[in-house]
Amino acid sequence: MSVALACAAWLALGLPCAAVFWRRGRRELGVALVPFAGALALTLPLALSPWLGGSISHWPLRAAIAALALAPCAQALLRGAPGRVETADTRGGALAFALLAAVSLGLVLAGRALDAEGWPGYGWDGLSIWLVRAKVLARSAELPAALFRERQLVQGHWDYPLLLPALLAWFARVGGLELRELALALGIVAACFAPALALGLRRALPAPIAAALAVAPFAVPGLVVTHFGAYADPLLVLVALAGFAWSAAGAIRQDTALVAAGALALACAVATKNEGALWLLAATTGAIALARAAGSSLASALATGARCALPGVVVFAAWRATCARLGVADTLPAELRFDLLGARAGELFAALRSFFGEPQRAIALGACAVATLALAGGGLRTRAARAAALLAAPAVYLGGLSLVYLATPHELAWHLVTSLPRTLFGLAPACLAAALLGPTLAHARSTEPDSARSLP
Amino acid sequence: MQPLERRGSHEIAAWLLLAAIAALAWRSTGDLRALVRDTAATRGALRSDADFYAAPPVLGDEIAILRHVERELAPGTPISVEGRGAYEERRQRFWLALLPEHPIAAGADWRICPAPCGGPGDTLVVQGREFVLLRRSTAETP
């Protein structure tokens, strides 16, 4: 019962933000944003607590204040030209969302089966990084600044953001779950974010396509078990994929509300893991490229990109400022070894070739690339340009990640073995999203007036 | 008539895609279903976080150290958790979770470290499997 209360309270925190979208007539986006806004409302007071008197002991009150503050932020994001909105195609929607409900139920039941009464199978990193934070946050009266400065823990990645531990600590404190029982919370978290992704796309894509995109992360081998191992990478995939797909679809359809929703999801990605900042950069680049490919002027495309990036940049800056105030050792980018780029290129290339050479990955990514080209429509050059715009975000993410790997302060081989598959979990779903948005982009061009199409 | 037919074929393609991805997801989550099956046998074995810490994949034989700290050291007593670089530090962070009442601090009188460790005059208090709990000698105390 207390777990249900914790879940309901988390989702209730998203309601003020959802109400803003609801009032603009975007009910599907309002509902879809509930878990995202609720998670941000829980995370921001923790991240900013050193600036707010230090206490984190009054979570519900502080989170409620943050939730109310998110509503005007969403309102500000929605300012500007009204979005181009079409009526949702509801045919088949009930069946597609019934499938998603079954997936969500399966995730909750799996979490329930793995929790208290059995061995949860938490991964060592998941246990020692994310669950440690969850436990510290659940028990502490204030953010433990001493831990951030403790020289025995300089490599403890205390600069990692707090969205996942904040959610788990919420379930521990309000829901009464102990450390070993948090698999149930992990199941509930995934069960809320996955259908939200599809719901947000209901006006942009047919229901089965939106549902396919929401299910796609779970088709990535190892992702679900890694999620239940209490790693943050799978959750990052869910929120970053929502951010990319929503902002990309919004940029193509010149739908301000969808871009704003994508921006809030990307802020969640930034608050989940350092790689979230890379997804923010990638999705913003993709949104600008897609807005241009859909016929927007350069100024309009840049404005779309700015709207897409703004909440994530604010979250990133706020957390970095907090880390600086607490004196946390900054593992990135202060310790990056750019002098080793050339020497390590061969090693990274071999690792990537081995990773992408596995038949299942090669087939999936190849199929997505071919589908993107096939579905983008138009002549050869137009088709290539559209495919490039659609695939810009995954390409920027892969490029940025490769650069970080090349400059890692750790031994590269160890870093690749321990993290490469996890950090690339989101690549195939993002490429699938690019392919599935191809017809939307092709349609956007074909509906432009002739005068607009003839512009250089 | 033609647009309707095209729309129908698009709809069929969308459902086929969803079915294919759902089937792939079912296949890819076989490891989770296996994990749920494998843990079914131990269901009921872990009734508290204390049982959880004592389980072999977590602390195993190191649990003696945890028990001693919880029983014998007053809350607030600083403990130093030492290791040999990044790999050991993961364990240090885990001890941090286990000992929320005891601040982790370098140079503390009490230290948990991987055996063999410690200096002359340090007292061995508890022996775990890989780690030991030592009391630092007064001469060595910084």
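Colleague: Which residues of α13(A) meet which in α15(A)?

Modeller: On the α13(A) side they are V259(A), A260(A), G262(A), A263(A), L264(A), L266(A), A267(A), V270(A) and A271(A). Across from them in α15(A) sit T304(A), R307(A), C308(A), L310(A), P311(A), G312(A), V315(A) and F316(A). Bear in mind that this is a predicted model.

Colleague: How do the residues of that contact divide by class?

Modeller: Into 13 nonpolar, 3 polar and 1 charged. Gly counts as polar, so G262(A) and G312(A) from the contact go in that class. R307(A) is a contact residue, and Arg counts as charged.

Colleague: Why is α13(A) called roughly parallel to α15(A)?

Modeller: The axes of α13(A) (residues 256-272) and α15(A) (residues 298-326) cross at roughly 30° and come within 8 Å. Angles under 35 degrees count as roughly parallel, so α13(A) is roughly parallel to α15(A).

Colleague: And what is the hand of the crossing where α13(A) passes α15(A)?

Modeller: Right-handed.

Colleague: What about the largest nonpolar core: how many residues does it have?

Modeller: It has 204 residues, and A37(A), L182(A), L213(A) and L290(A) have the most contacts inside it. Helix α9 of chain A (residues 182-200) gives the largest share, 16 residues. In soluble globular proteins, nonpolar side chains tend to be buried together.

Colleague: How do you know that L213(A) is in contact with residues beyond its neighbours in sequence?

Modeller: Set aside those within four places, and L213(A) is still in contact with L197(A), A198(A), L201(A), A245(A), L432(A), A433(A) and L436(A). The cut-off for a contact is C-beta atoms within 7 Å.

Colleague: What share of chain B counts as buried?

Modeller: 27% of its 142 residues, where buried takes 20 or more other C-beta atoms within 10 Å. Chain B has 5 helices and 4 strands, running α-α-α-α-β-α-β-β-β from the N terminus.

Note on methods: Residues numbered from 1 in each chain as written. Chains lettered and ligands numbered in written order. Predicted model: local features only at pLDDT ≥ 70, side-chain atom pairs only at ≥ 80, totals over all residues. Core = buried A, V, L, I, M, F, W, Y, C linked by C-beta atoms within 7 Å. Buried ≥ 20, exposed ≤ 12 C-beta atoms within 10 Å, placed from the backbone. Helix = DSSP H or I, 4+ residues; strand = E, 2+ residues; numbered from the N terminus. Contact = placed C-beta atoms within 7 Å. Axes fitted to C-alpha atoms, helices over the stretch in contact; angles between N-to-C directions. Parallel < 35°, antiparallel > 145°, perpendicular 65-115°, else oblique. Left-handed = near helix turned anticlockwise from the far one by under 90°.
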